[in-house]
Amino acid sequence: MNRLQEKYNKEIVPQLQADLKLKNKLSVPRLLKIVINVGMGKVIQDPQIKDTVVKTLTRISGQKPVITLAKKSISNFKIRQGMAIGAKVTIRGERMYDFLDKLINVALPRVRDFRGISKKAIDPKGNLNIGFPEYIVFPEIRSDEVEKLHGLELAVVTNANNKERSIALLTKLGIPFKKD
């Protein structure tokens, strides 16, 4: 079992149960999944971006990404139905806790001018959404082998049904929020 998952089960669940005044420990908010998403809008001009995105997502997540296709044609964006427009990876279970641990302790401190994540990044349903302008903050990516930079989005999905519960859970897990 991962150290973050062990910490969650042994320390965070009882603390959150007391803090949120919950009677049942199964009603304590928990992580459901982490989704990493990359939009490939530039694939129209440069088809090599698709290979770069797939390689980087595979290295970052440890799983093969799913290529998302356009559902319908949009002439203003030069998109045709069935064209590859993105890639995504959904991480669950023990791998999710490994990835979150790596994100908190390695990747976020490597972000340039990082002062914490804004609490506005949490939506009303309690999910945290973070955008990275470049993917080289992850330790699996060596800067000397980077061909083309692209951004990526990260969604940490919880079963907390409101923002306050989600902030309490994510703070206990170690996500660094900005001091207001």
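Welcome to a predicted model, in which local features need pLDDT of at least 70, side-chain atom pairs count only at pLDDT 80 or more, and totals for chains, interfaces and linings use all residues. Residues are numbered from 1 along each chain as its sequence is written, and side-chain values use heavy atoms, with hydrogens and water left out. The chain has 180 residues, and its secondary structure comes to 4 helices and 5 strands.

**The overall fold**

- Along the sequence, the elements of the chain follow the pattern α-β-α-β-β-α-β-β-α; helices (H or I, at least four residues) and strands (E, at least two) are DSSP runs, numbered from the N terminus.
- The C-alpha trace of the chain spans about 55 × 40 × 35 Å along its principal axes.
- Of the 180 residues, 39% count as buried, where buried means under 20% relative accessible area, exposed over 50%, and partly exposed in between (1.4 Å probe, protein chains only).
- Among contacts with a separation of 6 or more, 67% come from residues 24 or more positions apart; a contact means heavy atoms within 4.5 Å.

**The aromatic cluster**

- The whole structure holds 3 aromatic pairs; rings of Phe, Tyr and Trp (its six-membered ring) pair if their centres lie within 6.5 Å, and planes under 30 degrees apart count as stacked, over 60 as edge-to-face and the rest as tilted.
- One of these pairs is F99 with F138, which is stacked at 5.9 Å centre to centre, with 25° between the planes.
- This pair links distant parts of the chain, 39 residues apart: F99 sits in helix α3 (residues 93-107), and F138 in the loop between β4 (128-132) and β5 (152-158).
- F99 is buried because its relative accessible area is 3%, and F138 is buried because its value is 0%.
- F138 also forms an edge-to-face pair with F132, at 5.5 Å centre to centre and 65° between the planes.
- F132 is buried, as is F138, and F99, F132 and F138 make up one aromatic cluster.

**The largest pocket**

- The largest pocket has a volume of about 160 Å³.
- A pocket is found on a 1 Å grid over the protein atoms alone, as an open set of points where a 1.4 Å probe fits, with protein on both sides within 12 Å along at least five of seven lines; lining residues have an atom within 4 Å of a point.
- Grid points are joined across faces, edges and corners, and the volume is the space filled by probe spheres set on the points.
- Its lining consists of T52, K55, T56, R59, Y135, I141, E145, V146 and E147.
- These lining residues divide into 3 nonpolar, 2 polar and 4 charged; Ala, Val, Leu, Ile, Met, Phe, Trp, Tyr, Cys and Pro count as nonpolar, Asp, Glu, Lys and Arg as charged, and the others, Gly among them, as polar.

**A closer look at N2**

- N2 lies in the segment before α1 (3-19), and N2 counts as buried because its relative accessible area is 6%.
- The side chain of N2 reaches the backbone nitrogen of L4 at 2.5 Å.
- Setting aside neighbours within four places in sequence, N2 is in contact with E94, Y97, D98 and D101.

**A closer look at K72**

- K72 belongs to the loop between β2 (66-69) and β3 (84-91), and K72 counts as exposed because its relative accessibility is 60%.
- Not counting residues up to four places away in sequence, K72 touches I79 and Q81.
- K72 and M83 are 11 residues apart along the chain, and their C-alpha atoms are separated by 9.0 Å.

Terms used
Polar contact = N/O pair within 3.5 Å; in protein donor to acceptor, adjacent residues only side chain to side chain.
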